[in-house]
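Take a look at the model below before reading on.

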Amino acid sequence: MTKRSPFRYFKTSPEIIRLAVMMYIRFPLWLRNVEDLLHERGVDICHETVRFWWHRFGPMFAAEIRKRRVERMQSSRASWHLDEMFVTVNGERHYLWRAVDHEG
């Protein structure tokens with residue numbers, strides 16, 4: 001069974017919807033700023049359309065980002081340890097910590 005596209009009833013392409021929603025989420029922009037930026041790129045939409053897309057597709061995009069982030073964390077099995085030491089600088093003793101990864 002094939003999974004239906006969540007963009008199937010929209011005339012606007014999925015790339016433009018994703019761009020508008022991600023611009024609104026990623027950068028500290030207002031809806032009207034996103035509308036203006038898209039208008040400069042030749043896409044004429046209303047700020048209410050961006051708000052509707054954000055409510056409709058925002059959770060889906062957030063789930064995709066979380067999924068990719070978890071996969072990246074699981075795929076990198078890098079180990080870290082904490083290196084502690086005392087250093088004397090100008091006669092004063094200082095306690096230093098540094099994080100060391102698997103490459104040293």
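When two helices cross, the crossing is called left-handed if the near helix is turned anticlockwise from the far one by less than a right angle, and right-handed if the turn is clockwise. This model is predicted, and in it α1 passes α2 in a right-handed crossing.

Helix α1 covers residues 14-26 and helix α2 covers residues 31-40. The two pack at an angle of about 135°, and their axes lie 10 Å apart. That angle makes α1 oblique to α2.

Which residues in α1 meet α2? On the α1 side they are L19, A20, M23 and Y24, and on the α2 side they are L31, V34, L37 and L38. Sorted by class, this contact has 8 nonpolar residues, with no polar and no charged ones.

Strand β1 (residues 81-89) pairs with strand β2 (residues 92-100) in the antiparallel sense, and the pairing runs over 9 bridges. As one point to find in the picture, V87 stands opposite H94 in β2.

The strands form a hairpin with 2 residues between them. N90 sits in this loop between β1 and β2. Its backbone has a positive phi of about 55°, although N90 is not a glycine.

Is N90 buried or exposed? Residues over 50% relative accessible area count as exposed. N90 has 77% relative accessibility, so N90 counts as exposed.

Terms used
Residues are numbered from 1 along each chain as its sequence is written. This is a predicted model: local features need pLDDT of at least 70, side-chain atom pairs count only at pLDDT 80 or more; totals for chains, interfaces and linings use all residues. Side-chain values use heavy atoms; hydrogens and water are left out. Axes are lines fitted to C-alpha atoms, for helices over the stretch in contact, and angles run from 0 to 180 degrees between N-to-C directions. Helices (H or I, at least four residues) and strands (E, at least two) are DSSP runs, numbered from the N terminus. Angles under 35 degrees count as roughly parallel, over 145 as roughly antiparallel, 65 to 115 as roughly perpendicular and the rest as oblique. Contact means heavy atoms within 4.5 Å. Ala, Val, Leu, Ile, Met, Phe, Trp, Tyr, Cys and Pro count as nonpolar, Asp, Glu, Lys and Arg as charged, and the others, Gly among them, as polar. Two strands pair if DSSP finds at least two bridges between them. Buried means under 20% relative accessible area, exposed over 50%, partly exposed in between (1.4 Å probe, protein chains only).
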